[in-house]
Amino acid sequence: LSVADDAMTRIGIGVILLITLAVQPLVKRMRSTAHPADAPGRWDIVRTGAAAGTGVAAGAATMLANAAGPVMVLYLFLTGLSKVQFLGTMAWFFLAVNLLKAPISVGLGLITWHSVVLTLTLLPAITFGAWSGLAVAHRINQKHFELATLFLTGAGAALLIL
């Protein structure tokens with residue numbers, strides 16, 4: 001972190017996200033044409049590589065620019081999870097990631113007593129937001145959810161670049 005230029009890091013993550021977003025249709029088509037009898041098939045190799053790459057990219061993106069959300073969105077989108085499974089996986093992933101990076105963030109001075117008190121103060125609003133978000137998610141069509149997720153990921157990537 002001490003040698004990384006903030007602007008170049010943000011731009012790099014944004015460009016990687018846009019490239020990954022651009023290849024989404026190709027990878028999704030590969031997944032849909034894979035046959036269960038083809039073991040191990042092309043999709044298995046792609047999925048294994050994507051999982052490992054996503055883990056590294058998400059870890060780096062969250063520590064460098066707090067931008068792992070779009071990385072995980074693109075990966076989980078390809079897994080074919082339902083919207084509720086998608087949201088649940090995202091929630092558990094970020095709980096684990098944030099717990100793991102908490103000691104590093106404390107050491108860097110990113111987490112202070114002031115930020116802990118602020119977080120505890122906002123806990124009721126965070127809880128309300130989580131529950132209301134889940135209620136809204138149940139009402140959204142799966143296809144619309146996927147399109148909105150991809151669109152917002154692209155918008156997030158563009159904001160990282162700009």
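Residues are classed by relative accessible area: buried is under 20%, exposed is over 50%, and partly exposed lies in between (1.4 Å probe, protein chains only). By this criterion, 24% of the 162 residues of the chain count as buried. The model is predicted, so local features need pLDDT of at least 70 and side-chain atom pairs count only at pLDDT 80 or more, while totals for chains, interfaces and linings use all residues. Residues are numbered from 1 along each chain as its sequence is written, and side-chain values use heavy atoms, without hydrogens and water.

The chain has six helices and zero strands. Helices (H or I, at least four residues) and strands (E, at least two) are DSSP runs, numbered from the N terminus. Contacts are heavy atoms within 4.5 Å. Among contacts between residues at least 6 apart in sequence, 69% join residues at least 24 apart.

The largest nonpolar core holds 21 residues. Such a core is a set of buried Ala, Val, Leu, Ile, Met, Phe, Trp, Tyr and Cys residues joined through side-chain atoms within 4.5 Å. I13, L17, M72, F86 and M90 touch the most other members. Two or more residues come from each of α1 (6–33), α2 (42–65), α3 (68–79), α4 and α6. Helix α3 gives the most, with eight residues.

Two aromatic pairs were found in a search of the whole structure. Rings of Phe, Tyr and Trp (its six-membered ring) pair if their centres lie within 6.5 Å; planes under 30 degrees apart count as stacked, over 60 as edge-to-face and the rest as tilted. The ring centres of F86 and F145 are 5.4 Å apart and the planes meet at 85°, so this pair is edge-to-face. F86 lies in helix α4 (residues 83–107) and F145 in helix α6 (residues 142–161), so the pair ties together parts 59 residues apart in sequence. Both F86 and F145 are buried. The pair of F93 and F94 is also edge-to-face, at 4.9 Å centre to centre and 85° between the planes. F93 is partly exposed, at 23% relative accessible area. F94 counts as buried, at 18%.

The chain exposes about 10,600 Å², of which carbon and sulfur atoms supply 74%. Accessible areas come from the Shrake-Rupley method with a 1.4 Å probe; for residues, only the protein chains shown count as cover. M8, I11, V15, I19, V23 and L26 make a nonpolar surface patch of about 490 Å². Nonpolar side chains (Val, Leu, Ile, Met, Phe, Trp, Tyr) are joined within 5 Å, like charges within 9 Å. I19 is found in helix α1 and counts as exposed, at 51% relative accessibility.

Note on methods. Patch = residues over 30% accessible without salt bridge, like charges linked within 9 Å, V, L, I, M, F, W, Y side chains within 5 Å. Salt bridge = Lys/Arg side-chain N within 4 Å of Asp/Glu carboxyl O.
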